[in-house]
Amino acid sequence: MSWATHDLEPYAIQRHLKGKVAIIPLLIGSYSPDVATKWFVYGTNIFGLEFGAEDAAQFHRGWPGAGFTHSLAFGVVVALLIFAVSRHRVWAVSFVIGQWSHALSDTGDTMGTMLLFPFTTQLYSVEAWAYAVQVGRFGDAAAYFSGPGFVWDGFWVAYGLLSWRVLTRSYFHEVITQADPVWGWAGRFLPEAALLALYRASFFYGVTRWTAWLLWAHVVNDYAFDISWGGPDWSPALSR
Amino acid sequence: MTSDRLSLFLYLAAGAVYVTLGAFFPRVLLSWVEGAGFLLLAVWLLPALARWLLRR
């Protein structure tokens, strides 16, 4: 999986497609493959009871399991539902672009995604960085931010910072609010400073947590960097 | 200080605090809602509260 990439890719897409996409459904699409499943993949404790998938990787990326959320067809089906309910073409298109960006980005890890589900349950992967959800959130974070994964995220951090104009107040008013009436509606209840903070929140979250996880892994802790293909070698990576 | 520069300063300060918190207490990095809530607090609610107190 990717970490900060899913926060930052939508802003890069926004930069290029401008008013043809709306940032909110773009971000929702980008988060959608994992939003309902990630807690169960890593497991959680509620009032002393443990909840979690017996086989985290199978549940996350496989079938039977919730791996269909990482397929291209899932994005199309949800986008059609959005269009059927809202009749808002830009929302539907934005959602599918966001969801596809997530599904394609996650082909970078050693597990890969069922891109062509339901036609096949084949997992497609370029195996660039270790997929390690089975060791829990922190073990997974340590592996991701020590291997090629952090470089992949770093590319999007750098590209996001180079695209800083999409974060300006003028861009927000001239492009973002024009593409999506939700911002005008929200502006009846919230001041401009709050709207801008909400618009920039995923960018802020992506850049800061990429930085913080790197510091956690390599300054607070002492995990070894290994950016060899499929690395880090010290992490138990799962593959197709 | 212009409002744009003040705004940039608030975002940078919020980022520095969030990164420091996250590096030592990484659980705060796991929730988008908490991250967005922290940003709203830092760049909107607290400055608005400070302005209100200064006007009184």
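**Reading chain A and helix 2 of chain B**

Of the 240 residues of chain A, 48% count as buried (20 or more other C-beta atoms, placed from the backbone, within 10 Å of a residue's own; exposed is 12 or fewer, partly exposed in between). This is a predicted model: local features need pLDDT of at least 70 and side-chain atom pairs 80 or more, while totals for chains, interfaces and linings use all residues. Residues are numbered from 1 along each chain as written, with chains lettered from A and ligands numbered from 1 in written order.

User: How many helices and strands does chain A have?

Analyst: Helices (H or I, at least four residues) and strands (E, at least two) are DSSP runs, numbered from the N terminus. Chain A has 11 helices and 2 strands.

User: Which residues are buried in helix 2 of chain B, and what do they pack against?

Analyst: Contact means C-beta atoms, placed from the backbone, within 7 Å. Gly35(B), Phe38(B), Leu39(B), Val43(B) and Trp44(B) are buried; the buried residues of helix 2 pack against helix 11 (192-220) of chain A together with helix 1 (3-24) of chain B.

User: Where does helix 2 of chain B bend?

Analyst: Compare axes fitted to the seven residues ending at a residue and the seven starting there; the angle between them is the bend. Here, helix 2 bends by about 45 degrees at Leu41(B).

User: How many residues are in contact between chains A and B?

Analyst: 18 residues of chain A are in contact with 16 of chain B. Helix 11 of chain A gives the most to chain A's side, with 16 residues.

Notes
Two residues are in contact if their C-beta atoms, placed from the backbone, lie within 7 Å.
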